Amino acid sequence: MAKGMREIKRSIRSKQSTKQITKAMEMVAASKLRRAQEAAVAARPYTDKLKEVVSSIASSAGSSKHPMLLTRPIKRTAYLVITSDRGLAGGYNANILRKVLLTIKENHQSPDEYAVFVIGRKGRDFFSRRDIPLAGEVTGLSDSPKFSDIKEIAAQAVQGFEAGKYDELYLAYNKFHNAISQEPTLKRILPLGEMQAGSDKADYEYEPSAEEVLNVLLPKYAETLVFSALLEGKASEFGARMTAMGNATKNATKMIADLTLTYNRARQAAITQEIAEIVGGANAQQ
Amino acid sequence: MSTLRLEIVTPERKVYEKDVNMVVVKGVGGELGILPHHIPLVTPLKVAPVKAKIGNSNEFIAVHGGFMEVRKDKVVILAEAAELGEDIDVSRARLAKERAERRLAQKQADISAQRAEMALQRAISRLETAGEK
């Protein structure tokens, strides 16, 4: 019996150290989540303003013929997938990657019909394991990414659309609902389609001309959409990690309780047996 | 003296928000001075310092590209990056300027020459903003 007890003891100790780690990771994720949410909120004025101006120009007569607004026959689709660099975040990466892979398999027969841009090591490894060529990748982003970190890949995707290499651009990321629920989302960002004019529509003068302003603004707007999706993805990542680690901690606590019970039973059994042996020995001597 | 509100916003945060008397920017079509009650206007900007006039003093902000939206009593500048004079690392900007100039002197392929040119403009704009030419 003594050997079984030692094993139980060791197993309890190992679960305890796992619990300490998951607990720490949960708390770290919680504090990072708050920061990521703040960053997402701080980025909102920029996106909103840009959207307002773009839609007010695009909806004014004569300038809605811009190639980035028009839908054209789809020959090649680009996907920009936002994943994390590190795992241990529950279904965060698996969900979004499965969604993208299914969509690709459903809609495309040959690899010539799509291109994949990926942000995050997990996504990169996933696609390279499946021999899906990557048109561009960014890994090793910090927890509070800067616009300049993803500017290049976003610009690459948007310019590919402008140059006619791709006929539509999808953004795949985890939409952030709250700390415990994130939804894998596939969103078409290009072509932008019909823009709705804002309520307080101002009649602007454009310098040098409406078309040229639009030429500058539309790619910027598309890049900004990528950036805000990235920020939302970061918040989702920490939310997912926080929930996953919270569950892991809870499970560890439960396992430790069960094991402690088993251990105590085994200990009691050993004591009882020892007493029985002593009593038996004493009786035999009489 | 009437004022207008100047806001400078980047994707990461709001860099600047103040009531000023006049804004001077360098648009793609040339230099523009915006006073209160200007007609609504939208223009892309060049990489250059933006001058904000408050009373008798001037404040400079390095704005790297982006565009400006003018309303009756409000000017919003949206840029991918913007820095206030006091946040600028002068020695780094000077190094970047030298590096870009060296690259330009070597006359490499088109793309890197263009990038060097942009880097040079940014560095010059930073140095001007920080008040060191």
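Hi everyone, thanks for coming. Please keep in mind throughout that we are looking at a prediction.

Let's start with the sheet in chain A. Which order do its strands take? There are 5 strands, arranged 3-2-1-4-5 in an open sheet with mixed pairing. Strand 3 (134-138) and strand 5 (181-190) are at the edges, and each has a single partner strand, so one side of each has no neighbour in the sheet. From one strand to the next, the twist averages 20 degrees.

Helix 4 (residues 121-129) of chain A packs on it and touches strand 1 (77-82), strand 2 and strand 3, with a direction about 145 degrees from that of strand 2. Helix 5 of chain A also packs on the sheet, and its contacts take in strand 1, strand 2, strand 3, strand 4 (168-178) and strand 5. The direction of helix 5 makes about 160 degrees with that of strand 3 of chain A.

Helix 5, which covers residues 147-162, has another partner in chain A, namely helix 6. How do these two pack? Their axes are 9 Å apart and the angle is about 130 degrees, and the helices are therefore oblique to each other. The crossing is right-handed. Residues in this contact include A:Phe147, A:Ile150 and A:Val158 from helix 5, and A:Val226, A:Phe227 and A:Leu230 from helix 6. By class, the contact has 10 nonpolar and 3 charged residues, and no polar ones.

How many residues does each chain give to the contact between A and B? The answer is 21 from chain A and 21 from chain B. On the chain A side, the elements giving two or more residues are helix 2 (44-59), strand 6 (205-206) and helix 6 (210-285). That side has 15 nonpolar, 1 polar and 5 charged residues.

Here is a detail I like: strand 6 of chain A runs parallel to strand 5 (residues 41-44) of chain B, and 2 bridges join them. One pair to look up is A:Tyr206, with B:Val42 as its bridge partner.

Over to chain B itself. The domain assignment gives domain 1 (4-85) and domain 2 (89-129), with C-alpha centres 23 Å apart. Their contact takes 9 residues from domain 1 and 6 residues from domain 2. On the domain 1 side, strand 6 (48-54) and strand 7 (57-63) of chain B each give two or more residues, and the largest share, 3 residues, comes from strand 7. By class, this side has 6 nonpolar, 2 polar and 1 charged residues.

Finally, strand 1 (residues 4-9) of chain B. What does it pair with? One partner is strand 2 (residues 14-20), antiparallel over 6 bridges, and a hairpin through 4 residues joins the two. In that pairing, B:Arg5 stands opposite B:Asp19. Another partner is strand 9 (residues 74-78), parallel over 5 bridges, where B:Leu6 has B:Val75 as its bridge partner.

That's my tour, and I'm happy to go back to any part of it.

Note on methods:
Residues are numbered from 1 along each chain as its sequence is written. Chains are lettered from A and ligands numbered from 1 in the order in which they are written. This is a predicted model: local features need pLDDT of at least 70, side-chain atom pairs count only at pLDDT 80 or more; totals for chains, interfaces and linings use all residues. Domain bounds come from an automatic or database domain assignment. Two residues are in contact if their C-beta atoms, placed from the backbone, lie within 7 Å. Ala, Val, Leu, Ile, Met, Phe, Trp, Tyr, Cys and Pro count as nonpolar, Asp, Glu, Lys and Arg as charged, and the others, Gly among them, as polar. Two strands pair if DSSP finds at least two bridges between them. Axes are lines fitted to C-alpha atoms, for helices over the stretch in contact, and angles run from 0 to 180 degrees between N-to-C directions. Angles under 35 degrees count as roughly parallel, over 145 as roughly antiparallel, 65 to 115 as roughly perpendicular and the rest as oblique. A crossing is left-handed if the near helix is turned anticlockwise from the far one by less than a right angle, and right-handed if clockwise.
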